[in-house]
2 protein chains.
Amino acid sequence: MLYLVGLGLSDETDITVKGLEVVKKASRVYLEAYTSILLVDQPVLEAYYGRPVILADREMVESNSEEILRDAQTEDVAFLVVGDPFGATTHTDLVLRARELQIPVRTVPNASIMSGIGAAGLQLYNFGQTVSMVFFTDTWRPSSFYDRVKENRHIGLHTLVLLDIKVKEQSMENLMRGRKIFEPPRYMTVGQCAAQMLEVEEDRQEGVYGPDSLAIGAARVGGKEEKFVAGTLKELCEQDEVLGSPLHSLVLLGRRTHELEHDYVREFAVNKETWDKIWKDEYGKQH
Amino acid sequence: MLYLVGLGLSDETDITVKGLEVVKKASRVYLEAYTSILLVDQPVLEAYYGRPVILADREMVESNSEEILRDAQTEDVAFLVVGDPFGATTHTDLVLRARELQIPVRTVPNASIMSGIGAAGLQLYNFGQTVSMVFFTDTWRPSSFYDRVKENRHIGLHTLVLLDIKVKEQSMENLMRGRKIFEPPRYMTVGQCAAQMLEVEEDRQEGVYGPDSLAIGAARVGGKEEKFVAGTLKELCEQDEVLGSPLHSLVLLGRRTHELEHDYVREFAVNKETWDKIWKDEYGKQH
């Protein structure tokens with residue numbers, strides 16, 4: 001059996017009791033370690049589980065899945081995924097390959113950022129499609145997210161923006177020379193995301209949002225040190241110190257809001273007066 | 001401290017290790033028992049936790065929250081919610097009242113149907129807003145869901161439809177006579193939902209979807225007996241026996257699909273030929 005086990009969002013104790021039982025009994029335990037991270041490191045997990053954990057990087061999952069699936073027809077293999085196994089990144093491909101090999105698959109669900117973001121106080125019902133924001137470079141500034149935000153905003157929906165993480169990346173030089181030297185991990189902040197969003201609006205000029213659009217910056221959702229900061233996109237460009245360490249996410253508000261959401265989120269506002277004024281003028285008119 | 005603890009989707013072992021620690025230590029433990037249910041009953045939870053659990057019905061949560069929040073300034077109170085505390089139903093109001101009383105609040109997230117539905121094989125990125133379907137009566141047939149599905153379909157997004165549950169409901173007669181006699185619980189099935197959707201399309205005639213639109217019926221998501229059936233809305237009207245016992249949910253597909261999703265979901269199709277043909281003609285054209 002291949003078990004896809006969600007680890008939740010924060011630390012080693014966010015695994016479910018059911019998931020922990022699977023981890024303790026499996027023949028081999030892999031940790032998918034390139035699409036998201038927990039706030040604790042591999043040795044903490046290994047101590048907590050009382051057994052070794054094999055790190056599975058992108059190369060292993062995408063090109064060497066036979067090793068992960070080896071003998072899973074008769075043994076139990078646990079594949080651990082931060083968040084929910086089918087959350088922000090699906091592992092559809094691994095399951096399809098397991099099916100081809102007649103390996104039964106079972107999922108142990110857990111919290112995903114796509115539901116955990118509800119703790120920011122906005123109704124999950126009113127979120128549209130989710131988008132991702134990558135680190136822009138001089139030559140690569142993909143703005144397809146903008147079209148999707150536009151669609152969401154057009155019908156009044158909130159947009160969850162998932163922020164890029166760079167783990168085990170090689171510099172172009174090291175890559176070309178075949179040197180397995182990796183850059184330090186980088187995690188996009190809410191400030192970087194807000195700034196990139198404003199840059200793209202500046203380029204595209206379609207008025208999808210602007211410096212005064214309301215948004216919520218979220219850090220370490222689901223953890224003890226969870227932190228939310230609400231404000232305009234312009235204000236959120238400058239709140240990284242308040243938000244603190246990774247992981248960050250951002251929610252751009254849609255117009256379809258409820259008075260309760262206003263009251264709830266106001267608590268997190270950088271500037272409550274600005275928040276109230278813009279909310280009153282631009283949001284919450286559908287109720 | 002008020003702890004909002006998610007229980008996940010299926011049985012007593014879906015609680016996180018962190019959540020279980022909270023439950024074991026809290027002064028009082030409430031179980032919110034009217035917006036969703038686990039697949040196990042209260043006595044199973046009490047035996048598992050080794051302590052009594054107080055059932056909190058809608059009346060208690062909405063009108064008697066002082067009792068739930070009593071002394072939570074100095075004691076720990078655990079409020080258990082099926083799924084994620086901020087998933088399908090938010091408990092925003094309870095948190096706002098806790099804030100007024102200077103009670104600190106902490107959330108222990110867990111799987112929600114809004115992320116768990118990813119196990120059906122569709123990318124969560126491409127879901128639009130979520131809608132609810134209530135049991136229609138002769139006089140009450142709300143169709144606001146139709147407008148929201150229309151918005152989602154217009155931009156090619158999938159729609160998760162959450163199905164009505166009726167727990168601790170009184171008949172009109174018993175309600176008017178003030179008799180605390182409750183009807184047996186009712187859980188909407190995928191078949192009932194698909195039929196009601198087709199009725200509304202028949203009334204509204206806006207062509208938002210039709211008998212041949214593709215959808216996925218889901219039962220007991222996240223549980224050992226999890227079951228998915230994919231087919232046209234017309235086909236799904238007749239699949240309740242295959243899907244089995246509650247809880248059910250339904251996903252109406254949007255056009256924005258990926259070949260991997262086709263391959264993954266096809267496994268669940270009532271009729272693979274029909275599935276392939278309609279998919280080819282109507283879906284997956286954006287890639």
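I started with A:Ser112. In this predicted model, A:Ser112 sits in the loop that runs between strand 5 (105-108) and helix 6 (113-116) of chain A. I then checked its accessibility. A:Ser112 has a relative accessible area of 3%, so I logged it as buried; the cut-off for buried is under 20%.

Next I looked up the record. The unreviewed UniProt entry lists A:Ser112 under "binding site". That annotation also covers A:Leu9, A:Asp84, A:Gly87, A:Ile113, A:Leu163, A:Val221 and A:His248.

I picked A:Leu163 from that list. A:Leu163 belongs to strand 7 of chain A. Its relative accessible area is 12%, so A:Leu163 is buried.

I found an open sheet of five strands in chain A, ordered 6-7-12-10-11, with mixed pairing. At the edges are strand 6 (131-133) and strand 11 (227-232) of chain A, each pairing on one side only. From one strand to the next, the twist averages 25°.

I followed one pairing in detail. Strand 7 (residues 159-163) and strand 12 (residues 248-252) of chain A pair in the antiparallel sense, over four bridges. Opposite A:Val161 I found A:Leu250, in strand 12 of chain A.

Last, the surface. I noted a nonpolar patch of about 380 Å², made by A:Met172, A:Leu175 and A:Met176. A:Leu175 is in helix 8 (residues 172-176) of chain A.

Terms used:
Residues are numbered from 1 along each chain as its sequence is written. Chains are lettered from A and ligands numbered from 1 in the order in which they are written. This is a predicted model: local features need pLDDT of at least 70, side-chain atom pairs count only at pLDDT 80 or more; totals for chains, interfaces and linings use all residues. Side-chain values use heavy atoms; hydrogens and water are left out. Two strands pair if DSSP finds at least two bridges between them. Helices (H or I, at least four residues) and strands (E, at least two) are DSSP runs, numbered from the N terminus. Axes are lines fitted to C-alpha atoms, for helices over the stretch in contact, and angles run from 0 to 180 degrees between N-to-C directions. Patches are made of residues with over 30% relative accessible area and no salt bridge: like charges are joined within 9 Å, nonpolar side chains (Val, Leu, Ile, Met, Phe, Trp, Tyr) within 5 Å. Accessible areas come from the Shrake-Rupley method with a 1.4 Å probe; for residues, only the protein chains shown count as cover. A salt bridge is a side-chain nitrogen of Lys or Arg within 4 Å of a carboxyl oxygen of Asp or Glu. UniProt positions are given in the numbering used here, feature names are shortened, and annotations may be inferred rather than shown by experiment. Buried means under 20% relative accessible area, exposed over 50%, partly exposed in between (1.4 Å probe, protein chains only).
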